[in-house]
Amino acid sequence: MSTPQQNTVYLKDYSAPEFLISHTKLHFELSADDTHVHSHLSIQRNQNSPNQQADLVLMGEELELIELRLNGDLLTPDGYRLTDQTLTIKQPGTHFSVEIKNRIKPSSNTALSGLYESKGMLCTQCEAEGFRRITWFLDRPDVMSIFSVTMTADKNKYPVLLSNGNRLEQTSSGHKHTASWHDPFPKPSYLFAIVAGDLACLKDSFTTCSKRDVALEIYVEASDLPKTQHAMQSLKNAMRWDEEAFGREYDLDLYMIVAVSHFNMGAMENKGLNVFNTKYVLASEQTATDNDFENIEAVIGHEYFHNWSGNRVTCRDWFQLSLKEGFTVFRDQQFTAHQTSDAVKRIKDVNMLRTHQFAEDAGPLAHPIRPDAYVEINNFYTLTIYEKGAEVVRMLHTLLGEEGFRRGCDLYFERHDGQAVTTNDFVKALEAANHVDLTQFRRWYQQAGTPCVSVKSQYDINNKTYTLHFKQTCQATPKQPNKEAFHIPIIVGLINDDGSAIPLTNQQNSITLELTEPEQSFTFEQIDIEPTPSILRGFSAPIKLEQDLSAEQKIRLFQHDSDPFNRWEAGQKILSELVFDGVEAIQNGQAIAPLPPAVINTFGTLLKQPLDDLDYQSLLLSLPTKAYLAEQMEQVDIDALYHAHKAIKQALAQTLKNLWLTNYQAHHQPDAGNNPRAIAQRRFKNLCLSYLMSLGNDCIMLCSEQFDQAQNMTDQLAALEQISHLNEQQSAHYFEQFYQQWKHEDLVIDKWFSLQACSEEPGALTRINQLLLHPDFDIKTPNRVRSLIGAFAVGNPLNFNAADGSGYTFIASKIIQLDAINPQVAARLANSLSHWKKFDQQRQLLIKQQLQRIQSHTGLSKDVLEIVTRSLEAK
């Protein structure tokens, strides 16, 4: 059996590179089947390296060497050593040049790492270690070089030739043409990019705060050009916001975005030439949902913000990945909150974090946001690095305040512009700018797991004092059995019986408590009556909170809390308890208890007197997702959970049916536009439809009419989502109609696949196996894999976790098949089998059998092998 070696890379073994590359000149003779690469590297020994006698070791994979020169002299094989991963030149000197000619075949590169072909276009993806699949190089983020690039290609097949930086010139000779590019800013090889293809371009410009004009260009297939206007406006919005919020101005004369169909991730922040998954560029009201529009603006903002938090200041090594990703996610979250609704954005982010990242923290793949070790770095592009990393940055923002945080960021960029640095350098800059000590706070970077904070309250009626007693713990995680106390900011408010806020320090309604000890108490004075505490306002720390609130206090918070997050959170806790009570009743063979009158009355009041912010109201009236509820359960009883969740939803729908229907009709405006009010109305209206459809056949006609009359993708897809949970006899006609209407729109057909993959109806897996044979399904296209196979594994827990194990067997088979095509996509799919400890013993056995089956497969990639091995090591 042949399996890759699991060589572990450790943070403790980091050492500065022995060599640096000051300038890199690259020339490409481009062709899908036979690309020739000629590199000229200006190299010198790094005086900061402890090893001044080292040989030069360049990284390279799947390359064919044609010629190698040192200082212009041709090297024979006895002057170098070549393996399948390295090229070593013995004792090259102190300052020297290396010239390499090699051959690659982009059309065979199904891993989509390095230079590859996508629908006739050639493009690159070099993060994390893709550049070594283009040519031999010091492919590590702390080696920063100035790149100059020329490309020669068939001008009919590849009329557009793009790379990083600024255009120098373009010449033509016969059927070929050549383009030259130069990026004046040193960058690591992971930020390198080229694109060659027959592309249309949307052009615009942006005037920076210093009155510089920057050319903006978005490249897509010609048929997609009308769908780029929103992306362009999003880019301009992001550029202006970053100037105003962080003082960061763009530095080149040109900013380009290219949309490609085959892409392993969402987008890539290559300096001046961002390469995007089409999903995060293309949008029209007919083909994109309201969520799509919002996501496009967020991702375009994210990649643009990387120009400073990732490009101008980059990572020293891949253990520091959250330095750029966590910080930039925080920045894009702030941007989206500014563009939309702060409250709604915060709730959505926390909902995703607690549903998925908390599960990651509780499983065998748990790791700190600055890991200590890895086998395959691609496996660490995780929710922990990104989303939890953003929460850690948010806590720093909370502790330092808006002005202090901005002051620290300014110093960070000033100190480290043009450098490759660490998370510690970031924290040091915040410390220095604010004269604070964040030594204990650094534990957030070093310790895995989600802290659990329990709180008990005590009111002294004689002294009119109110005390909160906190206790923090954190569960053991792989290789970290014991945890030290975290530094946790907890924003607190106190509420009177009538719902009014009790003024605290400086007459403010909230105060930030800093929990630094395993157990700690805080006392509030001059409190006339026992209040209801509103704790962890704004979700001020990524923790699990346990508190001793009465049913009346939870209702009070749900009805009156002035903090939007905690008001929503109170409702979620009430509804979660109802579902869990229903689960227990089902397990005991009992009937589910009727809904408490206080819950019905609160829902009724919100439906009779809707809030001004209908988007926020939709969240207040939404049940916790089944995925979030499953994460709360020590052992998941998936069948009981689904039945209890459905019963609670039906009870709310039936009891308040007339109000749901009245609100649906009041806000159903098929011809509404794309403004914030119309978007909020659609979300609220479609929530009402969801409740009504839970009642079965009563409201199918209403849903059918919305599907047929929809004038935007949001409404049509919302109706089809409800229809997808009907039996196939009822739903087949609608899916066929939708397909015929949109079969030429790839991104819409992705949605068509996903809805069928997520159907809760029995027989969903049979339908998925049929869809694998559909002419529009291509297992080499990551978006299609995610929309069908990935959607089933992540978005259909009921059928994925079928008691007979058929879902596990199916996914394991697809992981093995995908691993031979695209190991990154296969490894991400393998994560779905990592939480086997959450289930009953029979399901645990079934999942472990499939993990072992994958592990024993001959020729498994190290990407998948690492995930499977760590999953099986769970205790």
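I call a residue buried under 20% relative accessible area, exposed over 50% and partly exposed in between (1.4 Å probe, protein chains only). By that cut-off, Tyr-250 and Tyr-304 are both buried.

Ground rules. The model is predicted, so I take local features only at pLDDT of at least 70 and side-chain atom pairs only at pLDDT 80 or more, while totals for chains, interfaces and linings use all residues. I number residues from 1 along each chain as its sequence is written, and side-chain values use heavy atoms, with hydrogens and water left out.

Aromatic pairs. I pair rings of Phe, Tyr and Trp (its six-membered ring) if their centres lie within 6.5 Å; planes under 30 degrees apart are stacked, over 60 edge-to-face, the rest tilted. The structure holds 42 such pairs. I looked up Tyr-250 with Tyr-304: the pair is tilted, at 6.0 Å centre to centre and 45° between the planes. Tyr-250 sits in the loop between helix H1 (229–246) and strand S19 (254–260), and Tyr-304 in helix H2 (residues 290–305). The two are 54 residues apart, so I note a link between distant parts of the chain. Helices (H or I, at least four residues) and strands (E, at least two) are DSSP runs, numbered from the N terminus.

Next I took Tyr-739 and Trp-752. They are tilted as well, 4.9 Å centre to centre with 40° between the planes. Tyr-739 lies in helix H18 (residues 728–742) and Trp-752 in helix H19 (residues 746–757), so the pair ties together parts 13 residues apart in sequence. Both Tyr-739 and Trp-752 are buried.

Charges over rings. I require NZ of Lys or CZ of Arg within 6 Å of the ring centre and within 35 degrees of the ring normal. The charged end of Lys-271 sits over the Phe-185 ring, 4.6 Å from its centre.

Core. A nonpolar core joins buried Ala, Val, Leu, Ile, Met, Phe, Trp, Tyr and Cys residues through side-chain atoms within 4.5 Å. The largest one has 277 residues; Leu-30 and Phe-405 are among those touching the most other members. Helix H5 (residues 383–416) gives the largest share, 12 residues. Beyond four places in sequence, Leu-30 is in contact (heavy atoms within 4.5 Å) with residues including Leu-115, Met-151 and Ile-194.

Sheet. Strands pair if DSSP finds at least two bridges between them. I find an open antiparallel sheet of 3 strands, S4-S8-S7. Strand S4 (56–59) and strand S7 (80–82) are the edges. S7 and strand S8 (residues 86–89) pair over 3 bridges. Leu-82 has Leu-87 in S8 as bridge partner.
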